[in-house]
Amino acid sequence: MEISKLRAEMEAILKELQGIMDSKLGLELEIAAYRKLLEGEENRDGLRQIVDKLSVGGGGEQRIRQDYNSFTGQSASSATSGVDSATRVTQVVKGEMSAKTTYQRSAKGPVAIAECSADGKFITLENTGRKDEEMSGWRIKRNIDGLDKSDFVFENLVLPPISKIRIWAKDCRPSSAPYSDLDYYESTWGVGSSIITKLISNQGEDRASHVQKTTYS
């Protein structure tokens with residue numbers, strides 16, 4: 001009986017945590033969408049149509065978020081190439097405005113791009129292996145809507161096993177961030193509707209990628 005009670009409590013806590021994470025991701029996507037409009041990446045006609053739709057929505061705005069996760073580990077095709085992949089689709093609807101974002105991740109080896117902040121504040125790398133990974137000379141390469149951002153090059157970095165490191169945009173790093181986190185010299189990693197982030201080794205080989213594509217309707 002005691003085990004069943006503890007299990008039920010644990011399931012309730014996990015469900016509550018999942019709800020919080022869902023809300024957080026939804027808000028981040030909304031912020032990124034509005035920032036994209038403010039930065040003038042939409043033409044005036046497209047912006048006017050969106051504003052009109054939001055105005056029509058009025059008090060009847062409805063926000064629906066669907067999050068489908070498919071972490072398949074190694075598929076039949078990836079097992080032979082040593083590539084781990086994951087795909088996630090997120091859809092946010094506010095009034096009659098809809099933003100659908102697809103995320104695709106892949107990695108050759110234990111080091112992967114774990115997360116790219118939707119608002120351009122940080123990028124997180126993780127080492128899922130059981131040994132230190134020497135990453136000196138590796139770099140992060142990022143393309144946003146067809147334009148390349150400045151590369152970030154790692155210097156004297158060894159990523160411990162089962163650990164993560166976050167690279168913050170300039171002035172975005174909170175005081176509570178671990179000392180091991182790093183700083184990017186630009187004020188943002190950038191936001192856009194098509195973002196490709198790659199982790200490249202010091203030998204010029206693509207070791208991990210994170211692809212984010214957003215469509216608006």
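**Entry 1**

I started with Leu17, which is partly exposed at a relative accessible area of 47%. My cut-offs are these: buried is under 20% relative accessible area, exposed is over 50%, and partly exposed lies in between (1.4 Å probe, protein chains only). I noted that this is a predicted model, where local features need pLDDT of at least 70, side-chain atom pairs count only at pLDDT 80 or more, and totals for chains, interfaces and linings use all residues. Residues are numbered from 1 along each chain as its sequence is written, and side-chain values use heavy atoms, with hydrogens and water left out.

I placed Leu17 in helix 1 (residues 2-38). Helices (H or I, at least four residues) and strands (E, at least two) are DSSP runs, numbered from the N terminus. Leu17 forms a nonpolar surface patch with Met10, Leu14 and Met21, and together they have about 410 Å² of accessible area. Such areas come from the Shrake-Rupley method with a 1.4 Å probe, and for residues only the protein chains shown count as cover. Patch residues have over 30% relative accessible area and no salt bridge; like charges are joined within 9 Å, nonpolar side chains (Val, Leu, Ile, Met, Phe, Trp, Tyr) within 5 Å.

**Entry 2: strands 4 and 5**

I moved to strand 4 (residues 111-116). Five of its six residues are buried. Which way does strand 4 run against strand 5? The two run antiparallel, joined by five bridges. Strands pair if DSSP finds at least two bridges between them. I found Val111 opposite Asn127 in strand 5. The hairpin has five residues between its strands, and Gly120 there takes a positive phi near 75 degrees.

**Entry 3: Ser209**

I looked up Ser209 in strand 14 (residues 206-216). Ser209 counts as buried because its relative accessibility is 17%. I listed its contacts (heavy atoms within 4.5 Å). Leaving out residues up to four places away in sequence, Ser209 touches Gln104, Arg105, Ser106, Ile113, Thr197 and Lys198. With Ser106 there is a side-chain polar contact of 2.7 Å. A polar contact is a pair of N or O atoms within 3.5 Å; within protein, one must be able to donate a hydrogen and the other to accept it, and residues adjacent in sequence count only if both atoms are side-chain atoms.

**Entry 4: salt bridges**

How many salt bridges does the structure hold? I have eight. Each is a side-chain nitrogen of Lys or Arg within 4 Å of a carboxyl oxygen of Asp or Glu.

I took Glu126 and Arg105: their side chains meet at 3.8 Å, N to O. The pair links distant parts of the chain, Glu126 in strand 5 and Arg105 in strand 3 (residues 97-108), 21 residues apart. Glu126 is buried at 18%, while Arg105 is partly exposed at 23%.

Next came Lys149 and Glu186, whose closest N and O atoms are 2.7 Å apart. Lys149 sits in the loop between strands 8 and 9, Glu186 in the loop between strands 12 and 13, so the pair ties together parts 37 residues apart in sequence. Lys149 is buried at 19%; Glu186 is partly exposed at 23%.

For Arg173 and Asp183 I noted 3.1 Å between the closest N and O atoms. Arg173 is in the loop between strand 11 and strand 12, and Asp183 is in strand 12, 10 residues apart. Arg173 is partly exposed at 28%, and so is Asp183 at 44%.

Last, I found Arg139, Lys141 and Asp151 linked in a network of salt bridges.
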